[in-house]
Structures are given as C-alpha cells and as structure tokens.
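Here are some questions and answers for a first look at this structure.

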Amino acid sequence: MDFQLNEEQQMVARMVRDYVNKEVAPTIKEWDRKQEMDPQVLPRMAELGILGVSLPVRYGGQGMDYISLGLVCEELEVVDTSLRVIMSVHMGLCSYAILQWGSEEQKQKYLTPLAMGEKIGGYCLTEPDAGSDPAALVSTARRDGDDYIINGEKMWISLATKADYMIWIARTDPEAGKRTAGMSAFILETDWPGVTSADIHGKLGVRAGSTGWVNCQDVRVPAANLLGEEGEGFKIAMSCLDNGRYTVAAGATGLIRASLEASVRYAKERHTFGKPIAEHQLIQQKLAWMTRDYEVARLLYLKAGWRKNQGLRNTRETGLAKWYATDASFKAASEAIQIHGAYGYSDEYEVERYLRNARGAVIYEGSSEIQQILQAGYALGDREDRPLRKMLPPYDPEEWTREA
Ligand SMILES: Cc1cc2nc3c(=O)[nH]c(=O)nc-3n(C[C@H](O)[C@H](O)[C@H](O)COP(=O)(O)OP(=O)(O)OC[C@H]3O[C@@H](n4cnc5c(N)ncnc54)[C@H](O)[C@@H]3O)c2cc1C
C-alpha cells in the first residue's frame, strides 16, 4: 500500500489550486451574489485541461488517472462548490458514461469534444416526480424508423443551460414488468429542435453555478445515439452515479479543508476573555473534529479512486465516501460559522457560502438517507457489486497516454 501521491498527481493538484486561488477566489462572492456563473470559468477550465483531466489522450483528454480527478475536485471545491459541480456532471456523469458504455463512433463524436472542453456535458435523470426513486421516471423515447422521439421533463439538472450534450434517461418500454426495466440512455444534443431549458434562481447554494430544468418535446434523436443497449438505461444511470458520487466525495473533502483553514485563521485572530479563541478547548475540539473528518473523507475517496484505477467495481466504496464526506462537510461548515460567531453569519466571510454549498450535496447524487439504505444493504448481504456488462476502463498509463 502506497500513501504517497506521485509527481503527476501532486502537480495537477498544485495547478488547480493555483488557478482557483488566483482566478476564482477574488470574484466568487460577487458571482454567488449575482446567482450567475462567471463566463470565464468554463473556457478557462477547458484551456487548463481540467475538463478532460482523467480521460485517455486519444480521446482528447490529459491521460491522468482517477485519483488525479479526485484531487482536482478537492482543490476546486476548496474555493467554490460550483466549480466541482461542473466536474461532477461534465466528467463524472456524462463523459465517463460515454467512455464506459459508448461505441467507438460515439467516443470519437462526443467524448473527444467533451474531453477537450469544446463541448460541455450534463446528465438528465431526475424528474419533477422522480428523484431518490428514479424508477418512477415517466419521460419516454418511442422508436420511429431510424430515430427515437423523446418527450419529458427533467428537473434539478446541473448545467441545464450550459451543457451541449446530455445523457438522457427515458422509458423505451412502458409495458416492461419490472420498474427498473424498459429504460434506455441517450446522448442528446441540446440544440436539437424541441429541447428547451432554463435555470432555477433562488437556490440556497451553488449560486455561482447553473441548475435548472430541461424539457424535450417530440425531440428526434438518431438511434445511433442510444447509449448501451435498449433496456439498459437504469443500469447505465446507476453506473454513472458511481463516478458522479466520487467527484462529490472528493469535492466535499475539499469543503471540509476550506472550513478548517478558515476556522484556524479566524480562531487565531479573534480574542475573547483576553486570549485568542484558538486557546479555548471547546474551539480546539471543533478544529480536531474537522481535522479527523478531513483525513477520513480523503482516505475514503482515495480508496474509491484506487479501485477505479484497478478497474474494480466501487459502488459500495464510492457511496460510503460520498455519504461520509458530504455529511462531514455540512457539519464542518456549520462549525466554521460557529467559530466565526456573528461574523460567520454574514457574507463578509466565506463560511456562510460553504454552509449553503454543503447543503446540496447531502441531497443530490443519492441523499444521505439513500446512502444509508445502500450501506445497510451491503452489511446485511442483500446487496453485492457484480461486474457490469461494460466496466469503466481501468487506468493503464500506457493505454491512456497513447496518441491514437
Ligand atoms: C443542486 C442540485 C443539483 C442537481 N443536479 C442534478 C443533475 O445534474 N442531474 C440529475 O438527474 N439530478 C440532479 N439533481 C437532483 C437530485 O439528484 C435529487 O434532488 C435527489 O436525487 C433527491 O431527489 P428529490 O429531490 O426528488 O427528493 P425525494 O426523492 O423526493 O426525497 C425527499 C426526502 O425523502 C428522503 N427519502 C426518499 N426516499 C426515502 C427512503 N426510501 N427512506 C428514507 N428517506 C427517503 C430523501 O432522502 C429526501 O430527504 C440535483 C439536485 C440539486 C439540489
């Protein structure tokens, strides 16, 4: 077992830390207040190779491993969750869906521009009446000659108004007996006729990001855009979450770190009863909890990343990492506000944004309740991770860095 990050992993983490500190941190409060995404963010992330960091070079990526992706997400979320959300949907939920399940033609056509950041990806599973229970979704895809006709509405979709391609899960066989059967996954281009979208404003957090709805009305999608096989949609949708949750876990770990760093800084400056509050044991206890949670959360996501590198199923490990890190980040952000006292209650300091941002991750990509149900299932032997028809490819440095 090797706990040492390699040169390349350290370098990419440093590069992202530099980028967010210099170019995002100075203005993020302003964009968060405006409830808009800084238009510089996506082009800069593309330019720096972040949007394709852990994808094979022959598909336009940077050829780094899955652990590097985790480190990138951690560094992004230290400054703002909205940047990590981009990676969760663009790479975790969309690009990896195509890498894992796509045909060679689909990879050439869709994965390459995604990896190069020329196009942005999203993921449409949730509907107005289907969130934790995606088998309740009602959007449909009806076969019509060489096409499918998609109808339906998706809700709470990250990058709803920014994504060029969306993974869209729809029901292809409404008569299928089992609730999870009869669903299929499609690659949808958002500029096709009949696709509309808008952002939701007034969100509690991730305000410098885009979250919205996407509607399909009689959208004609070529059968060539079916991802995987017809009827495989539910499995594909769930496998995407293994990758999305990984990025959420790593990002939430970064949020714990941000809360800890802000708390340490403030605790050394602020005096009560004649000494810095850092000298009060009850404040130290909070810092100790944050330190513990940061280390545990980091080990959990690195373990999940290691399993991805080996090409092993990691639903159990990724879910555990996501559940732990998101709960812990919410607690850390809340305690960071407590340490800041009344000042933490205003947006003069960053910690109030951390708390608002941390709240969402406890809900999306499988709420904490759903994660507990899953973990209990594994503990009781009711649930087991078996190899899928198509697995996310393991990280092979030679294979991932070859040009063609
Ligand atoms: C900021 C943000 C971004 C998002 N981005 C995307 C995206 O890009 N793509 C996408 O498809 N979706 C996205 N979502 C949607 C998200 O995945 C869903 O909100 C989530 O799955 C929960 O669904 P719900 O909100 O409908 O809650 P519900 O499913 O209605 O659940 C309500 C409450 O009941 C609890 N609950 C549900 N079932 C059980 C049970 N069996 N036992 C105990 N408790 C239960 C839940 O944990 C929750 O607390 C996003 C959401 C947010 C907030």
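Q: Which residues come nearest to the ligand?
A: The model is a predicted one. Of the 20 residues around the ligand, Thr126, Gly131, Ser132, Ser367 and Glu369 come nearest. Strand E1 (121-124), strand E3 (147-158) and helix H11 (368-380) are the elements that give two or more residues to this shell. The largest share comes from E3, with three residues.

Q: What makes the ligand lie between domain 2 and domain 3?
A: Both domains give residues to the shell around the ligand. Domain 2 covers 122-231 and domain 3 covers 235-399. The ligand therefore lies between them.

Q: How do the residues of the shell around the ligand divide by class?
A: There are 10 nonpolar residues, seven polar and three charged.

Q: Why is helix H5 called roughly antiparallel to helix H6?
A: The axes of H5 (residues 81-101) and H6 (residues 104-115) cross at roughly 155°. Angles over 145 degrees count as roughly antiparallel. So H5 is roughly antiparallel to H6. The two axes come within 9 Å, and their crossing is left-handed.

Q: Which residues make the contact of H5 and H6?
A: H5 brings His90, Cys94, Ser95, Ile98 and Leu99. H6 brings Gln106, Lys107, Tyr110, Leu111, Leu114 and Ala115.

Q: What classes of residue make up the contact of H5 with H6?
A: Seven are nonpolar, three are polar and one is charged.

Technical notes: Residues numbered from 1 in each chain as written. Predicted model: local features only at pLDDT ≥ 70, side-chain atom pairs only at ≥ 80, totals over all residues. Near = placed C-beta within 6 Å. Helix = DSSP H or I, 4+ residues; strand = E, 2+ residues; numbered from the N terminus. Nonpolar A, V, L, I, M, F, W, Y, C, P; charged D, E, K, R; others polar. Domains from an automatic or database assignment. Axes fitted to C-alpha atoms, helices over the stretch in contact; angles between N-to-C directions. Parallel < 35°, antiparallel > 145°, perpendicular 65-115°, else oblique. Left-handed = near helix turned anticlockwise from the far one by under 90°. Contact = placed C-beta atoms within 7 Å.
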